[in-house]
Amino acid sequence: MKRSNHTKKATTNRRKNIRKKSNLRKMIVLAILVLALVGTGFYLKNKITYYYALYFNKFSHKKLKNSEQEAARIQKILTENLDKTYGFDISHYQNREDIKWDSLSIGNKTIPPEFVVMRATMGNRNADRHFSDFWEQAKKHELIRGAYHFYRADEDPVKQANNFLENVKLENGDLPPILDIEKIPRKKSKEKLVEDLKVWCKIVEETYGKKPIIYTYYHYYKDYLKGEFDGYPLWLANYNDVPTPSPDDDFDFWQFTENGIVHGINTKVDLDLYNGSLWSLKSMTLD
């Protein structure tokens, strides 16, 4: 009898152990499946949010139009540069309510923008009133951010650099500081203008450890800046029917229209092309 009881008890214990091991394996498999689903959910989150907002959100998009010539020129640039990376510019000229951040697209809803550049400061002491809000929204929606200072050619370069640094706190993943120079000075020579611009760049570069991006129009660059800022990333604006913004200069960015139509923005904006892949653009950002 004792032996029989011992045998039954051992058998019962073995069965319990088998059930425990079986339950443990089930829990491990279930945990792996949960982790896989969570990981997939995070991976697909942005894509799902983007397409849901694009087609189902109740944002009343204004029917903005361009002339046939301008529309054809923009479409031509998009078609010929499908391997490039696209973004747009905004400032206080766009109202906060004009932008539906989770449903932005370019080129008849075919190209999601990857970066946004916004005006942060102007001159010695002015700041764009929408900058903080736009800056926060861009980060929330995982766009690469760029902040630019609108340089006033007759004002003080040190004060202008400090104005930018006081109002802009760049983070890892943001583009380097951007200097927007497009006005001709009334009180300074060309040589003094270039000297002052280099002062602004030096102060800002010492703070962030990267050369600022120089933004200007093609003809302004050709007439005032060419040869003076070699080694700096170059952002050229050219709205003409040309294959590139400059026939003989390397460039990093091209602002190719001021009449850009972006689905999700109820005003026209400047459209920009980065002369490379998204991976290449990310390699340019601060780290």
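A patch is made of residues with over 30% relative accessible area and no salt bridge, with like charges joined within 9 Å and nonpolar side chains (Val, Leu, Ile, Met, Phe, Trp, Tyr) within 5 Å. L24, I28 and I32 form such a nonpolar patch on the surface, with about 300 Å² of accessible area together. This is a predicted model: local features need pLDDT of at least 70, side-chain atom pairs count only at pLDDT 80 or more, and totals for chains, interfaces and linings use all residues. Residues are numbered from 1 along each chain as its sequence is written, and side-chain values use heavy atoms, leaving out hydrogens and water.

**Overall architecture**

- The protein has 7 helices and 11 strands. Helices (H or I, at least four residues) and strands (E, at least two) are DSSP runs, numbered from the N terminus.
- Of its 287 residues, 43% count as buried. Buried means under 20% relative accessible area, exposed over 50%, and partly exposed in between (1.4 Å probe, protein chains only).
- The accessible surface comes to about 16,700 Å². Carbon and sulfur atoms hold 52% of that surface. Areas come from the Shrake-Rupley method with a 1.4 Å probe; for residues, only the protein chains shown count as cover.
- Among contacts with a separation of 6 or more, 69% join residues 24 or more positions apart. Contact means heavy atoms within 4.5 Å.

**Surface patch**

- I32, one of the patch residues, lies in helix α1 (residues 2-56).
- I32 is exposed, at a relative accessible area of 52%.

- P157, Q160, A161, N163, F164 and L165 are the buried residues of α4.
- Their cover includes β3 (115-122), β4 (126-127), β5 (144-150) and α5 (190-208).
- D156 caps the N-terminal end of α4. One of its side-chain oxygens lies 2.9 Å from the backbone nitrogen of V158.
- D174 sits in the loop between α4 (157-167) and β6 (178-180). D174 is buried, with a relative accessible area of 3%.
- The side chain of D174 makes a polar contact with that of R145, at 3.0 Å. A polar contact is a pair of N or O atoms within 3.5 Å; within protein, one must be able to donate a hydrogen and the other to accept it, and residues adjacent in sequence count only if both atoms are side-chain atoms.
- Leaving out residues up to four places away in sequence, D174 touches W135, R145, T285 and L286.

**Helix α5**

- L197 lies in helix α5. L197 is buried, at 1% relative accessible area.
- L197 touches Y151, L179, I181, L225 and F229, residues up to four places away in sequence not counted.
- L197 and L225 are 28 residues apart along the chain, and their C-alpha atoms are separated by 9.7 Å.

**Salt bridges**

- The structure holds 17 salt bridges. A salt bridge is a side-chain nitrogen of Lys or Arg within 4 Å of a carboxyl oxygen of Asp or Glu.
- K192 and D196 meet in one of them, at 3.2 Å from N to O. Both lie in helix α5, 4 residues apart, about one turn of the helix. K192 is partly exposed at 34%, whereas D196 is buried at 4%.
- K198 forms a salt bridge with E228, with the closest N and O atoms 3.0 Å apart. K198 lies in helix α5 and E228 in the loop between α6 (218-225) and β8 (234-237), so the pair ties together parts that are 30 residues apart in sequence. K198 is partly exposed at 36% relative accessibility, and E228 is partly exposed at 35%.
- K84 pairs with D83 in a salt bridge, the closest N and O atoms being 3.2 Å apart. D83 counts as exposed at 54% relative accessibility.

**Aromatic residues**

- The structure holds 14 aromatic pairs. W254 and F256 form an edge-to-face pair, 6.0 Å centre to centre with 70° between the planes. Both W254 and F256 are buried.
- Rings of Phe, Tyr and Trp (its six-membered ring) pair if their centres lie within 6.5 Å; planes under 30 degrees apart count as stacked, over 60 as edge-to-face and the rest as tilted.
- F115, Y215, Y217, W235, Y239, F253 and Y274 form one aromatic cluster.

**A buried loop residue**

- S103 lies in the loop between β1 (85-90) and β2 (105-106). S103 is buried, with a relative accessible area of 2%.
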